[in-house]
Amino acid sequence: MSTSLHLVPSPSPTAPHILDNAVWAALTGPHAHLAERVGRAARYPRDVSPFAAVADPADPRSWDDLAELVGPGTLTPVTGVQAVPVGWSVEQSGEGVQLTATALRSEPAPEAVRLGPADVPEILELIALTRPGPFLPRTVELGTYLGIREDGRLIALAGERLRPPGWTEISAVCTRPGHRGRGLATRLVRAVAAGIGERGDTPFLHAAAENTNAIRLYESIGFTLRRRTRFMLVRTPGGQQDARERQEEARQPEEKA
């Protein structure tokens, strides 16, 4: 199954774009009040978002700061990187795409309601059912989340996640099974985008590369592929894992010269 993905050309192929390291840009920008930071590394609180980032993936000092921030032998998701230093391990890796709104028509959805902390249990139930991506008890603090209810039940959701300066990510787009095919997700994406546009930001979003149905939907309403991305779940050096490896090495017979 194929999908039509068209890259948006960069004005300068060598100039870094703020969205290339969107988590870092958000944590040192509009989301700085949420950031837990050590030097050149930062992360969201664990009950807000799982993501961590480094200022410069090519700088070993950034990785040293991240190891200090999260602790030895710890799993942490990172984005905006292609490889990890010696001593780190990649436990999981996934391919994704990043799309930006280039021709999206934004408009309010009169039937949508704003969701807040009191709605979190209902949101988490819908997230567990539909699995659009990570959502934690305080994720609603990242931005505006809108939902559509029917007979009092939450049946569709979309909201704001990362906020690099000048940009806002649309995330957690999902519809309860049995209510799909009615355009609910599209209406919510347009409504969330309307709020983003009101403050002068441009919407963008991420999707798993294999989720071709979602990519087609986003393209059909005005999003364009900007770049392909990689998600990594990495483990910091040290901790019990390294201790076990050292014990295993100690039990191995020495090589004879």
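The model is predicted: local features need pLDDT of at least 70, side-chain atom pairs count only at pLDDT 80 or more, and totals for chains, interfaces and linings use all residues. Residues are numbered from 1 along each chain as its sequence is written, and side-chain values use heavy atoms, with hydrogens and water left out.

**Helix α4**
- Helix α4 covers residues 184-198. Helices (H or I, at least four residues) and strands (E, at least two) are DSSP runs, numbered from the N terminus.
- Its 15 residues should span 21 Å at 1.5 Å a residue, and the end C-alpha atoms are 21 Å apart, which agrees. The expected span is 1.5 Å times one less than the number of residues.
- Of the 15 residues of α4, 11 are buried, so the helix is largely enclosed by the rest of the structure. Buried means under 20% relative accessible area, exposed over 50%, partly exposed in between (1.4 Å probe, protein chains only).
- The buried residues include Leu-184, Leu-188, Arg-190 and Ile-196.
- Their cover includes β7, β8, β9, β10 (202-208), α5 (212-220) and β11 (223-235). Contact here means heavy atoms within 4.5 Å.

**Positive phi outside glycine**
- Asp-151 has a phi near 55°, a positive value in a residue other than glycine. Asp-151 sits in the loop between β7 (145-150) and β8 (153-160). Asp-151 is exposed, at 84% relative accessible area.
- Ala-172 also has a positive phi, near 55°. Ala-172 belongs to strand β9 (residues 167-175). Ala-172 is buried, at 8% relative accessibility.
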